[in-house]
Every structure is written in C-alpha cells, then in structure tokens.
Amino acid sequence: MPALVEEGRAKVNLSLRVVGRRADGYHDLESVVAFADCADRLTLEPGGELRLATTGPLAAACGETSDNLVFKAAKLLADAVPNLKLGAFALDKVLPVAAGIGGGSADAAAALRLLARLNNLSLDDPRLKEVALATGADVPVCLFSRACDMTGVGEQLLPLALPSMPCVMVNPRVPVATKDVFRELGLRNGELLVGATDVLEAPAWPEQGGSIDDWVDVLETVANDLEAPALRIEPVIGDVLEALRSSAGIKLARMSGSGATCFAIYGVAAEAHAAAEKIRRDHPDWWVHAGTLS
C-alpha cells in the first residue's frame, strides 16, 4: 500500500476568552479558531510497529519521540481500537514548537486522520473523538481543521463561516509553555472570570458571507485573555505586536493561543506580503509567514 500523507495546519486563536478554572484544574475557554495555510507534513508508511521519524528545519525542537503528540495519539487510538493497523510516521516539521499555534496538536490530528484512512474509520467515530481530546485540548478542533467557535476544554465545536483573511504570522523563536501562562494567569480551582451577564452579552459572530471588516468589528470587542500573562513571561511578544501594528493596512493584531506567535489581519494579500517582507528585514531571526486564515 502506498504511503499516506496529511498536513497539520497551524491553528490561530482569533479570540480567546478564559471563562474560568474548573474544580478539576482544567480551564474552560471560548475561542474563535481559524486555520492558516502553513503546515507540517505527516506521512504514514503502513505496516509493522508504530514508529516516528522527524525531519525538517524545526525537527530538533520536537524533543523525544516518546513525548511527541503524534506518538501519543497513535498509541491511544491503538488502545481504543482492537487490531488497529499502524506503521511508520515521518514528520516534516516546519511550524514553531510551543508557539501558540497548535503545531503539535495539528500533527497529532493529522496522525489520527491517517490512521482513520488506513483503518476505514470515520472521523465521526466516537473513539477517534475521545482519543483526540485525551491527546490534547486543541486536537479535536485540529481534527477537522476548519474555523470554529471552540468552548469548554476544547471539546465543543461550532463551525463558523469565516472569510479568507490575508494575514501575517510572526514568532520570535522563543518557546512559551502553555502551563506557565495559565500559572501566571493565576486562577484558583473553581474561580470564574465570566458570569451569566457576560454570556448573555456575548457577541454574535457574522453569518455566512460576512466580510473581513464584519469579523474584525466583532473580534475587536473580545480579546485574548492569555496575552497579558504571556507578555509578563516573555516581553518580546510586545515587540512582535508592535512590529505588526506599525505595518500598513493592518486591521487587527494580537497574540494567538498562549503565545508567543502573534498574527495580523489585512484587507488585501499585497499588504500582508509587504508587511512580512519588512518584518523579515528588520528581524531576520524571527519566524515569519504571510498567507491566509480561513
């Protein structure tokens, strides 16, 4: 059987509201999630035992194979599905690690899609969904890689009709651990940040056919609640945001996820590409991508 290939597209949190911290320590979130046109590439050679090899410009940042979410997701699915066919995975790693764009989660979701294809499983198979959530909070939304309003701990997904948005994504090549950002946020178990009034007054997302400006208008009314604690941990995030906000044609700029990657939305692709070129010249050590979110 020929090798199977999937892409792990970068996830971008256009908004991220922390609702509160549950009694079990997990945080409830509400986030508008989009997906970028930059991605890792995962290949599966069917047959034999589970294996993983990592290549690409950022392979060294992936750490031990046993800690890789691709490996974790495949092992969990093998435990859930009797006689699951496995094989050798090869990951071409191009997305920054610990960057707030779900690179590891996207890779794990790609692994689950590959194993689903190999074993004739539907992506709606409840075992696949359970394994996705057990692997990581961002894996369920990455499984389908389509724009969603994501709530709970990542398990509740409402599809959104997001237009194609020209964007620039920038990472200063400084890893930021999600657990450190939530620790800096400092919520106690059972503490809420959002009450019933906030829920009732929550913004309504634009319907099918909504323009970039329609979306930006609504997104400006919400924020990323993890941006402030991440800035305290890594002040360079402020430099990234300043570089994006000083570019021509910008409509919105903020941090994605728990950082340190930040993004900006533009009206047309030419403005995004011009901004990316300037940032690359001014900051040659930063990771910069110009493309689209959808």
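Visitor: Where is Arg 173 placed in the chain?

Guide: Arg 173 sits in the loop between strand 8 (165-171) and helix 5 (178-185). Keep in mind that this is a predicted model.

Visitor: What is phi of Arg 173 near?

Guide: Start with the general idea. Most residues other than glycine have a negative phi, and most peptide bonds are trans. Now the case here. Phi of Arg 173 is near 60 degrees, a positive value in a non-glycine residue. Asn 83 also has a positive phi, near 60 degrees. Asn 83 belongs to the loop between helix 1 and strand 5.

Visitor: Are these residues buried or exposed?

Guide: Buried means under 20% relative accessible area, and exposed means over 50%. Asn 83 has 77% relative accessibility, so Asn 83 counts as exposed. Arg 173 has 47%, so Arg 173 counts as partly exposed.

Visitor: Which residues does a cis peptide bond join?

Guide: Gly 259 and Ala 260, with omega about 10 degrees. Ala 260 is in the loop between strand 9 (250-255) and strand 10 (262-266).

Visitor: Which residues of helix 3 are buried?

Guide: Helix 3 (residues 126-135) buries Leu 128, Val 131, Ala 132 and Thr 135. Viewed down the helix axis, these fall within an arc of 105 degrees, so they line one face of helix 3. The face turned away from that buried side carries exposed Pro 126 and Glu 130.

Visitor: What do the buried residues of helix 3 pack against?

Guide: They pack against helix 1 (69-80), helix 2 (103-118) and helix 4 (139-144).

Visitor: Where does Gly 87 lie, and what does it touch?

Guide: Gly 87 is in strand 5 (residues 87-92). Its relative accessibility is 0%, so Gly 87 counts as buried. Leaving out residues up to four places away in sequence, its contacts include Leu 44, Pro 46 and Arg 51. Gly 87 and Ala 272 are 185 residues apart in sequence and 40 Å apart in space, C-alpha to C-alpha.

Visitor: How do I read the whole chain?

Guide: Count elements, then check the overall dimensions. The protein chain has ten helices and eleven strands. A compact globule of 294 residues would have a radius of gyration near 19 Å; the chain has 19 Å, which agrees. Its C-alpha trace spans about 50 × 45 × 40 Å along the principal axes. Of the 294 residues, 51% count as buried.

Visitor: What share of contacts joins residues at least 24 apart?

Guide: Among contacts between residues at least 6 apart in sequence, 73% do.

Visitor: How many positive and negative side chains are there?

Guide: The chain has 27 positive and 39 negative side chains. The centres of the two sets lie 4 Å apart.

Definitions and conventions: Residues are numbered from 1 along each chain as its sequence is written. This is a predicted model: local features need pLDDT of at least 70, side-chain atom pairs count only at pLDDT 80 or more; totals for chains, interfaces and linings use all residues. Side-chain values use heavy atoms; hydrogens and water are left out. Helices (H or I, at least four residues) and strands (E, at least two) are DSSP runs, numbered from the N terminus. The radius of gyration is taken over C-alpha atoms; the globule rule is 2.2 Å times the number of residues to the power 0.38. Buried means under 20% relative accessible area, exposed over 50%, partly exposed in between (1.4 Å probe, protein chains only). Contact means heavy atoms within 4.5 Å. Lys and Arg count as positive and Asp and Glu as negative; His and the chain ends are not counted. The place of a charge is taken as NZ of Lys, CZ of Arg, CG of Asp or CD of Glu. The arc is that of the directions from the helix axis to the C-beta atoms.
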